Amino acid sequence: MASTNYDASMTDHSQILVSVECTGNVNAESVRYITRSLETHRAVVINDAGCTINVNFSRDASQANSSWGGLQAHRQVYGLIFVAEAASPMESALIVDKYNKMKEGYGAGLYQSRCIIFGIDTAIRSSHSNVFQFSSHDAWKSIDYDIKQFIVSIYYELETKRHKLLQERQGKPILILAPFEVPEEKTVETDSKLFRRKCLGRHVKHLGDIHLLLGLIPESLQYYNSALDILLSAGDSIWVGAALEGLCVVSAMILFNDRGLGKDLLTPEDTKNTYALDPRNLSTKPISGISWADVKKFCIPSFKELVEKYRESIINYSKLKTVAIIELEACIKATKIFSRAKKFLEASEFIQNAVYISLSISGSDRLKRYSKMGDLYKNIKFKRKSFFYKRVAAMQCVSPQLENPDWTLCSTLLMEAIMSLASDSKSFPNDLNSNSWPSVVQRVWRELIFALERDGNRPLSILHLLHVFLSMFPFMSETEEREIHAILESFAKSGKDVQIQKDTFQFELDFYKCPIVKAVLPQVDDDGYRPIKSNKADDQQSVFIYTPASYKVKEKNTQKINFDWCVDTPCRIDVEVHNPLNHCPFQVQEFAFINESSVDAPFETPLFSFSVPPQVTSKVTVSLTPLKPGLIKIIGYKFKIFGVQAECLFADSKHIQTSEIAINVISGLPFVKCDFTGIQSDYHENDIPEIVAYIGETLQLPFKLTNTGSCLIANWDVTCKTKLSDEIKLTFERDFGKMNLLPGTSVALPVKIEPKVNCKITKAPFSCTLVLKYSADLKWWRSLEVEVNFVFEPSIEVTDLTVLPSEDFSNPKCDLRVTISSHFTDCAKVFWHDCEDLNASSSNATIPAKCIYSCDIAVGKMDLPENVENIHDLRDILASYIEKELDVTWEMKSGRRVHHSGVASYKFSMKNQDFSKMVNVPIVCSLSKDSTVDEGVDNVRPLAEVIRFGFDLYNNSTAKQPFNISLEVYQDQQNGYLERNLEECVLCLGCTNASVDVSPGELFEFPCEILLLKEGTYCIRAVYTIILSEKSGASSGTIQCYSSCVTITSES
């Protein structure tokens, strides 16, 4: 046998072999035309016979293989189609002569043949009936009819042979010989029983082959069983193996319901099927004399028995090395049968046996053998075995013994070897774990890259090298990683780009794995570029709108980001990029965003390049400028690495939470730029002005605003965003709500900042943000935030206040002793208001740095307010009144240029002060006119004389006033002590206390009588307590006052 058919399958046994020969100057188009036409006639229905025959049109059939038709009928070439092209009758005659010689080479076994010649006018008829001449492909109008008639003719020839063989069986059949056998008439007795059995057994087996070719499956099954019984008794091992193989093939066809045109390899449908004997799997043609019971008896019922029978057949083949090719093809066919039946372990045994079959073959056949072994192993899911044999086949292509190594075929086989390990080309080799073959696969991949380099296909080698680098860098050592990175960098520096061709590069480059883009965040809150849509409800009430302080548009775990933007305004988008490589930096070139193709809103993005160090996450900012109004949908990003263009979608990334960035682009809006002109301040590193302000000082902060846009600004709104709302006061000198600002013009925005006197003093600066909103038409606004830091320093403080004593409650003024502290590092001048100082120039003082100054200041008493419920409220009201009356201000020069001025802060306490001397009480108390004593003189009276006197209390207010009054008698010891324990010295004869309510304008008389029992000087006065509120207790809601003192001296 000339060569092995590594594509052999069980369907070959049921197909009539027709050789297709293309010779001469026939072009590829003619070959494709003939091939397409023949493929449509692989199964032909014989109407007269009521059956279907199958045809195998082969371009590899040889005359040497055809000589084995006696042993296996499907190897016999029964038909020949000879295709050629000729330009002249002479050339046509030479082609016909070559055709006739080829027919003679096939011998008598060739039943039908046709010679098809293109390029000759159909008017020139050939003298041979089997020669067809056509000027072109279109000229052959009856091609389908002619091919079918050709096949039908072969069928009837075979049918005739079948009947002839059936008749010979009745007589004395001749011995059918294989090519390696010699006639035995001289060495063996032809009349012996053993010889007759051998002749009959081979004859019956050949009948089974012919019936199978004619589509008579039940009959062939019966003949194979009969031949097997006869050949076993004759000890004809090779033919026993052939009969067993025929029996196995027919049984498999019945089990698979495959009559010659079925599948050879495992398909998804086969994984769902359970194969069993079924009468419906037989031919629909009536079977005379053969029942289903007989078929079930002859057929091998299960795949378990089928394995044993096929193994027995191959063992018989192995007894003779001459039929090693038949043995090898039987192993291939058995592997395909059991792989289709999902018997993978059994199939692997037959492949392993095929490996050990020794053949004297050429290098090309050895290469094909290893390659097909790899395909078979891949079909039964033995991926590593397939990988091994494909690699061995690849190495055969470039063996050192070859003069012309085939690097193209080597790279193809290496690619098949790598793909044999992959369940999915998109995920491979990412699905390789550390326990698999990453190092081996990486080595073979390097061999593939080397083969592509030797083949001159450097772009494809770079793609594979990049794929290895992106997919297998976790398994690489530092040396390997740096080596591959250096090669890729060298190619990138050459300036050549690589285009990915899907027909030559089957893998998906995992650009999501390296580099890793973790987040894409638009920066829509910076620099005041973002437009803000107006609130219609607010617009109906005012030209100003309220905008929340936060403009965040992306919530956590959202899938889409939506925001508004303006034409011709750059939008910054931050991209977080991580380099997962362990040792090498990653250079990203021409980074840009991908817009959805269905959206007609172009934008301009400058190509951005950057480098990320190993194991580092970098944040890069990409600028995007919309060119016209509309909707922009950013769905991914693109970049170039090592000369390869990459495109990635947000939706396919495992790291990016965002699936889409939708930008609603509106028409242009004005834009305001702020300058800090005229501000006396220091600046931080982040260019935020830091302003030093003294407590009580009022600063003017004029901001210069410039309209740098192309639209008129007609509406303004200014607000403050700060945590210091209780500590500072901001005011604006002008109302900008309706002021127009033309493009290119500027305006000053004076702002006053005033720290309150109770502001907290801290070392850290306070932050304040001015929010300036402006618009052209009230539909869309822009917001500018100006951040300023303030540092508050202490200035002048009134730290203590004491009320000087006074016995005259009718005096409208009171004297205060005020203590003033200076916290300045320079001298400060302090001013105050004194109601008794007619010359204002004397109501001031210069206080040195860090000093304390005290002075006496007269202030007017405060009228007691109405509806004061307790003393605490009165204390607060009185403190505010005193601060207003004192009106302490200060001036200070820091250096030569800076002048500071402001109001003092008040830190004094009113807790222990005598309020009766600071307020005008509503009750006026005086000595009655009919009293026997006088005020301001020493009244001398004898002992034991009744002294009569009284007090008049007048309500000088506009409200009814409740109060308590009592008589107090004491002796002044002239040392600050008043002796009130005088029960043995003074006897009170009249009323000593009372509680009354006096209406406005009314007078209440309080008469008193006393008797002095011992000599001495006594002081007498009325003590009246004004009740502020009936709801309050006596201690918290009253003011105690005293009348003028009356002095009485008693003598014996």
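Me: Let's start with E447. Which residue does E447 form a salt bridge with?
Reply: E447 pairs with R443, and their closest N and O atoms are 3.9 Å apart. Keep in mind that this is a predicted model.

Me: Where do E447 and R443 lie?
Reply: Both are in helix α15 (residues 438-454), four residues apart, about one turn of the helix.

Me: And is E447 buried or exposed?
Reply: E447 is buried, because its relative accessible area is 18% and the cut-off for buried is under 20%.

Me: Nice. How many salt bridges does the structure hold?
Reply: There are 26 salt bridges in the structure. One of them joins the side chains of D97 and K101, at 3.7 Å from N to O.

Me: Where do D97 and K101 lie?
Reply: They are both in helix α3 (residues 89-106), four residues apart, which is about one turn of the helix. D97 is partly exposed at 40% relative accessibility, while K101 is exposed at 57%.

Me: What about E308 and R311, how many residues apart are they?
Reply: Three residues, in helix α9 (residues 303-317), so about one helical turn separates E308 and R311. Their side chains meet in a salt bridge of 3.1 Å, N to O. E308 counts as partly exposed at 46% relative accessibility, and R311 is partly exposed too, with a relative accessible area of 27%.

Me: Which residues are linked with R202 in a network of salt bridges?
Reply: That network links R202 with E181 and D236.

Me: OK, switching to the backbone. Is the peptide bond from C514 to P515 cis or trans?
Reply: That bond is cis, with omega near -5°. P515 sits in the loop between α17 (478-493) and β7 (516-523).

Me: And Q615, what's phi there?
Reply: Phi of Q615 is near 55°, a positive value in a residue other than glycine. You'll find Q615 in the loop between β13 (608-612) and β14 (617-626), and it is partly exposed at 43% relative accessibility.

Me: Last one: what is phi of Q974, and where is that residue?
Reply: Q974 has a positive phi, near 60°, and is a residue other than glycine. The loop between β40 (961-972) and β41 (978-979) holds Q974. At 68% relative accessibility, Q974 counts as exposed.

Conventions: Residues are numbered from 1 along each chain as its sequence is written. This is a predicted model: local features need pLDDT of at least 70, side-chain atom pairs count only at pLDDT 80 or more; totals for chains, interfaces and linings use all residues. Side-chain values use heavy atoms; hydrogens and water are left out. A salt bridge is a side-chain nitrogen of Lys or Arg within 4 Å of a carboxyl oxygen of Asp or Glu. Helices (H or I, at least four residues) and strands (E, at least two) are DSSP runs, numbered from the N terminus. Buried means under 20% relative accessible area, exposed over 50%, partly exposed in between (1.4 Å probe, protein chains only).
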